[in-house]
Amino acid sequence: MEHTMEPIQEQLLEAAKKAAEECSYSPYSQYRVGAAVYANGQIYHGANVENASSNLGICAERVALSHAKMHGVQHIDGIAIFCLDALRDETGRPLVGYTMPCGGCLQWIAELAPDAWVVTNGLGRAVRIADLLPIPFKLLDPSFPVR
Ligand SMILES: [Zn+2]
């Protein structure tokens, strides 16, 4: 596979890997995911956080995007997602081969980081969110329903 990532994209992917290693709370799935958002020269990391009520868990991408927004970030340059457990299982058997955001996270990225590049482990190149979710859900009037 051709590798065409910029140095900052490689660096952000390393930050996402570190977040997965150090911050993931995934006792149920054992699926450790980290994410890192790059904005204004800063890195905002996140990791998946699960819950015994499984649908209440949150993905690493949404934690990292929330982290950036909580620090007042307006424009996001890129986001990296790294799943430590996506490539091989405990016996070394290959799984999906690369990490991709789920549909819900694609919607979050499309709204909060519409110009962002996206890098993941195993993909080997940067893609644009518009390529992954070309027609996101969007309200024509962003103030709806608050008028
Ligand atoms: Zn997700």
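**Entry 1, a residue inside.** I began with isoleucine 79 in this predicted model, and listed what it touches once residues up to four places away in sequence are set aside: Leu12, Ala36, Val37, Glu61, Leu65, Ile109, Trp117, Val118 and Val119. I then looked up the largest nonpolar core, which has 24 residues, and found that Val37, Ile76 and Ile79 are the members touching the most others. At least two residues of this core come from each of strand S1 (33–39), helix H2 (60–70), strand S3 (78–83) and helix H3 (103–112). As a general remark, nonpolar side chains in soluble globular proteins tend to be buried together.

**Entry 2, the sheet.** Next I asked myself in what order the five strands of the sheet stand. I read the order as S2-S1-S3-S4-S5, in an open sheet whose pairing is mixed. S2 and strand S5 (127–128) are the edge strands, and because each has a single partner strand, one side of each is left without a neighbour in the sheet.

I went through the pairings of S1 one at a time. With S3, S1 runs antiparallel and is joined by six bridges, and I found tyrosine 38 standing opposite glycine 78 of S3. With S2, S1 also pairs in the antiparallel sense, over six bridges, and here alanine 35 has glycine 46 in S2 as its bridge partner. The hairpin of S1 and S2 has two residues between the strands, and in this hairpin I noted that asparagine 40 takes a positive phi near 55 degrees.

Last, I asked which residues coordinate the zinc ion. I found the SG atoms of Cys59, Cys102 and Cys105, at 2.3 Å, and along the sequence these donor residues follow the spacing C-x42-C-x2-C. Cysteine 59 sits in the loop between strand S2 (42–47) and H2, while cysteine 102 sits in the loop between S3 and H3, so that I could note a pair 43 residues apart that links distant parts of the chain.

Key: Residues are numbered from 1 along each chain as its sequence is written. This is a predicted model: local features need pLDDT of at least 70, side-chain atom pairs count only at pLDDT 80 or more; totals for chains, interfaces and linings use all residues. Side-chain values use heavy atoms; hydrogens and water are left out. A nonpolar core is a set of buried Ala, Val, Leu, Ile, Met, Phe, Trp, Tyr and Cys residues joined through side-chain atoms within 4.5 Å. Buried means under 20% relative accessible area, exposed over 50%, partly exposed in between (1.4 Å probe, protein chains only). Helices (H or I, at least four residues) and strands (E, at least two) are DSSP runs, numbered from the N terminus. Contact means heavy atoms within 4.5 Å. Donors are N, O and S atoms within 2.8 Å of the metal (3.2 Å for Na, K and Ca); water is not among the atoms, so sites may look incomplete. Two strands pair if DSSP finds at least two bridges between them.
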